[in-house]
Amino acid sequence: MTDISSLLPASVLRNLADKLYEKRKNAALEQIVPPVLNSFSDQDSRVRYYACEALYNIAKVARGEFIVFFNQIFDALCKLSADSDANVQSAAHLLDRLVKDIVTESDQFSIEEFIPLLRERMNVLNPYVRQFLVGWITVLDSVPDIDMLGFLPDFLDGLFNMLSDSSHEIRQQADSALSEFLQEIKNSPSVDYGRMAEILVLRASSTDEFTRLTSITWMNEFVKLGGDQLVPYYADILGAILPCISDKEEKIRVVARETNEELRAIKAGPTEGFDIGAVLTIARRELSNECEATRIEALHWMAVLLEKHRKEVISFLDDIFPALLDALSDPSEDVVLLVLEVHACIARDAPHFRHLVVFLVHHFRMDHSLLEKRGTLILRRLCILLDAERVYRELSTILEGEADLDFASVMVQALNLILLNSSELAELRALIKQSLSNPSGRDLFNALYSSWCHSPMATISLCLLAQAYQHASAVIQSLVEEDINVKFLVQLDKLVRLLETPIFTYLRLQLLDPGRYTWLLKTLYGLLMLLPQNVEDGDRNTDISNGTNGINFTMRLQQFEHMQRQHRLHCKSQSQMTRQTRRSNSSGTAQEAQRSDEPRRSSLPADSSRPPSRSSWRS
């Protein structure tokens, strides 16, 4: 039989024979512990059970010297905690409690070496392993000499992941550990907020409500406590907060709104690392969020940034402007009103004002439904925010040269109805009423007239508002049969109805003095008749050739007639194109029918009652 001493290294034999007990004990541990640890992976559950018992006894005797094997023991205990045999699990729990006692008493335990082991296992899904890991985190955090808070970013994500575990006990344990760490963060002068903020942002979009609530709660505290450390992460935090403002869970909404207000109140600038471009990108992205509350807060952020950092925001205008234009089609009226406020804030400078109006007209041209559904709201609000006269002058300048005549006519009609109906434009109407006596009113009349020529009814309305009744009558007389169509009659009906409103009270009162307002009577009779009046050329020249009160009405009438000729040519061109399209479609259909009937015609008798095809008519 082989002597056991021959199997041991000489150094171990010397230590085993040493006079000092500590050396003999350490030498014995080096020989005893590894084989026991290897037994934990044995397939026989009884071997694993007795290995737990053996290691328990060894640890009980070795105590502090046992720490040198901690990493291997921790790995083994982690596996045994999920063992399939209940007896082995029970034995492992007993061993685990003893090892925890030894670690908390020892001054040789290395937290730096332990954290990588913990981090590797934090995403394990097994509930027994999760309980095991949370237990160790809680125990080590309770040791005053061990700084678990400093390593929190290494395992924070794992703890948050456990909040959505199917086991109520695990969720409770993870929440308890997180609550304890949050309290420590509040009391600690030095915390790595940045790394943890990245984790919280990711967890704020979790499908689990409790995880979202906990994450938002942490971010709320971080924003209050983090100070300068969190400035580079504000955009990411905002990106997590804004969607939560519309969360279905009320508690999450409340905390998210509070956090959003805290963020908005911070006065950091680009010099402190505040990334305005990143925040604008987040706000632009959330403009397409399906929830109204989130879209509104995104717009509030744009407005606040414009107020605080206008120069920097303007430099990113090309990035956000298309999204702001698209937002004008938002189904929510509150969102549209906020979008207009942001647009108005941008348009304070003349170049940006022109830019806004040009793109707004383009947007209306591309999306007629927007003009129909929201045009009145948008234009009225812009008149309040940016000065009605300025807005109308700019729109008139753009529409005067509009190539799409149909759109120009529709747009002018919309502007005319807003001008006549809206209380916000009362001052503008009052100025136009003074066109014959006030230079400012006369200048405004001329500015609007150029584009109002796209619509006969709008032109007549403008003249009635300016009390230029003689010219209004001349405009009516210039109309020809082609101008009197369904669209014209619809607009005429609207004008007649408007003449009965308080806006035109002065006009109706003037009818009490027919001798003085002869041209008003002629104008109204002209509208009533809906037919062009044959007036002698000499009379017409006498009526309008003079530049009454500084307005060259002869030129204005020529301008109107020229614009209407363009509209007539445009209508004729469209009609011809429509007829040609129909004719070609009909011809193609007839030819296809003829080809499909040819095989049958040879066997069928000729039908004299069948009408000839269109091709035979042409031949």
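Guide: Start with contact: two residues are in contact when heavy atoms lie within 4.5 Å. Helices (H or I, at least four residues) and strands (E, at least two) are DSSP runs, numbered from the N terminus. Buried means under 20% relative accessible area, exposed over 50%, and partly exposed in between, with a 1.4 Å probe and protein chains only.

Now the ground rules. This is a predicted model, where local features need pLDDT of at least 70 and side-chain atom pairs count only at pLDDT 80 or more, while totals for chains, interfaces and linings use all residues. Residues are numbered from 1 along each chain as its sequence is written, and side-chain values use heavy atoms, with hydrogens and water left out.

First, the setting. The protein chain holds 32 helices and zero strands. It has 619 residues, and 46% of them count as buried. Take the contacts with a separation of 6 or more: 71% of them join residues 24 or more positions apart.

Our helix is α6, residues 111–121. Its buried residues are I111, F114, I115, L117, L118 and R121. They pack against three helices: α4 (70–80), α7 (127–141) and α8 (152–162). An α-helix has 3.6 residues a turn, so residues three or four places apart point the same way.

What does D141 touch instead? Setting aside neighbours within four places in sequence, D141 contacts M148, E180, F181 and E184.

Next, helix α5, residues 86–105, which holds D96. D96 counts as buried because its relative accessibility is 8%. Beyond residues up to four places away in sequence, D96 touches L77, F132 and W136. By number, L77 falls in the range of α4, and F132 and W136 fall in that of α7. Both of those helices are among the partners of α6.
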